[in-house]
Amino acid sequence: AQSHTDRGGGRTGALAPPPFADEVQKIDVNPPKGTRDFPPEDMRLRSWLFHNFREVSRLFGFEEIDFPVLESEALFIRKAGEEIRDQLYCFEDRGNRRVALRPELTPSLARLVIQKGKSAPLPLKWFAIGQCWRYERMTRGRRREHYQWNMDIIGVPEVTAEAELLSSIITFFKRIGVTASDVGFKVSSRKVLQEVLRSYSVPEDSFGRVCVIIDKIGKIPVEDIKKDLKLAGMSKVAIEDLLQVLSIKSLEKLEEILGDSGEAISDLRQLFSLAEKFGYSEWIQFDASVVRGLAYYTGIVFEGFDREGKLRAICGGGRYDKLLSTFGGDDLPACGFGFGDAVIVELLKEKGLLPKLDHQVENIVCALDGDLQGAAAAVATILREKNQSVDLVLESKPLKWVFKRAARINAQRLILVGLDEWQKGMVSVKILSSGEQYEVKLVELE
Ligand SMILES: Nc1ccc(Br)nc1
């Protein structure tokens, strides 16, 4: 029997009374749990944010790319215990394929780089803005989707690439009014970790897993961190030493521990020297505890944080020189970052930096009686062909209604099409800010 929705009669299934023939079930008009709608006001803020993402990408000479939100699940199956894997929004499609809503953009970018192969001359400087997904038990009530801006440089092994990426993010912050007093970048290199782990003969294939564990410092109790590191095969003394190294906040101190001949130190010294030349030294600081939660980083890593410490990481990224070979491609040096659309808005709210973005239209055009609706359409078309925005009143409305709508849509001019004027080839124009009103020949309307 057709199952019926329980309408409070307490009975469902075959025994429930059949619904009234014309009763329509009201659908839930809210978006699915953890997702957002973007009604006009919210969409204006998102478009403003994305416009700034795109403008900075343009300033840095990056090309925009895009890929499907749906990918083969295999792209994201990594065995390092990452949260991003535990929360993969994956399912079997009607063709029995294992697919997933992408949780991040970098694997798709890597897939596209391999696909393009030698036809894409290096270095590649690509950016994308895409919606990313996670399936999280709603118990934590967190979002399941967000938009990320990614910038990636493929084919440059030097840390000049990381320095350029940091410069692009700082350029973005400056454009929207965020300063080095509001936000900073913690910068480190996974080679620091690597050098410590190697000194304790921790197997290379545990590296990604150890990084994912270390990234949880400050998020879970340190005893759990130590337990997980032990499970990952580290000795007690190695764990204590590693945690000691991770608490280092200066390159001088790090050099004392690791010496000055390792790659970690030379990469970091070069990066901080380049930061000086770029003029953004005040924005960055060395912090050995930064490892980021993605297993594939291999070198410099960084994350943007709010100096008041109220918010989660604003953005993050780093070098991932070995990602392509995990998909069967030839490895290429690569680095990039992800910048989400949610934490930045929380920061702008905190700092009173949210832009005021109203809907605006240059003209509202209205026929003064029904027979002139066609004439009004002609006037609207003439204005639009002159690249002027027009809200055309589409039905017969009292003037009071027209003025009210003009105010609501912030129209600059009201164009009235009246019979007497039209017969003279003219229309009436009212500048709504000043109240000035005049008649003008249609052919002279601009
Ligand atoms: N990876 C990921 C995807 C979606 C959200 Br919301 N947060 C993180």
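How many residues in the lining of the largest cavity are nonpolar, polar and charged, by class? The reply is in point 2, after a remark on conventions.

1. Conventions. This is a predicted model, in which local features need pLDDT of at least 70 and side-chain atom pairs count only at pLDDT 80 or more, while totals for chains, interfaces and linings use all residues. Residues are numbered from 1 along each chain as its sequence is written, and side-chain values use heavy atoms, with hydrogens and water left out.

2. The largest cavity. The lining has 4 nonpolar, 1 polar and 2 charged residues; Ala, Val, Leu, Ile, Met, Phe, Trp, Tyr, Cys and Pro count as nonpolar, Asp, Glu, Lys and Arg as charged, and the others, Gly among them, as polar. On a 1 Å grid over the protein atoms alone, a cavity is a set of points where a 1.4 Å probe fits but cannot get out, and lining residues have an atom within 4 Å of a point. The count is 1 cavity of 30 Å³ or more, and the volume of the largest cavity is about 40 Å³, a volume being the space filled by probe spheres set on the points. Q194, L197, R198, V202, P203, E204 and F207 line the largest cavity. Helix α5 (residues 190–199) gives the most to this lining, with 3 residues; helices are DSSP runs (H or I, at least four residues), as are strands (E, at least two).

3. The second largest pocket. A pocket is an open set of points with protein on both sides within 12 Å along at least five of seven lines. The second largest pocket holds about 700 Å³ of space. It is lined by 28 residues, of which F207, G208, A295, T298 and K322 are the closest to its centre. Helix α5 gives the most to the lining of this pocket, with 4 residues. The lining divides into 10 nonpolar, 6 polar and 12 charged residues.

4. Salt bridges. Side chains of opposite charge can pair when their charged atoms come close. The count here is 31 salt bridges, each a side-chain nitrogen of Lys or Arg within 4 Å of a carboxyl oxygen of Asp or Glu. K191 and E263 meet in one of them (2.7 Å, N to O). That pair links distant parts of the chain, with K191 in helix α5 and E263 in helix α10 (residues 263–278), 72 residues apart. K191 is buried, with a relative accessible area of 16%; buried means under 20%, exposed over 50%, and partly exposed in between (1.4 Å probe, protein chains only).

5. Further pairs. R269 and E255 form a salt bridge (2.6 Å, N to O). Because R269 lies in helix α10 and E255 in helix α9 (residues 251–258), this pair ties together parts that are 14 residues apart in sequence. K424 also forms a salt bridge with E439, their closest N and O atoms being 3.6 Å apart. Salt bridges that share partners join D182, E308, K310, E350 and K351 into one network.

6. Backbone points to inspect. The peptide bond from L122 to P123 is cis, with omega near -5°, and P123 is found in the loop between α3 (106–116) and β5 (124–133). N96 is not a glycine, although its phi is positive at about 60°. N96 counts as exposed, at 58% relative accessibility.
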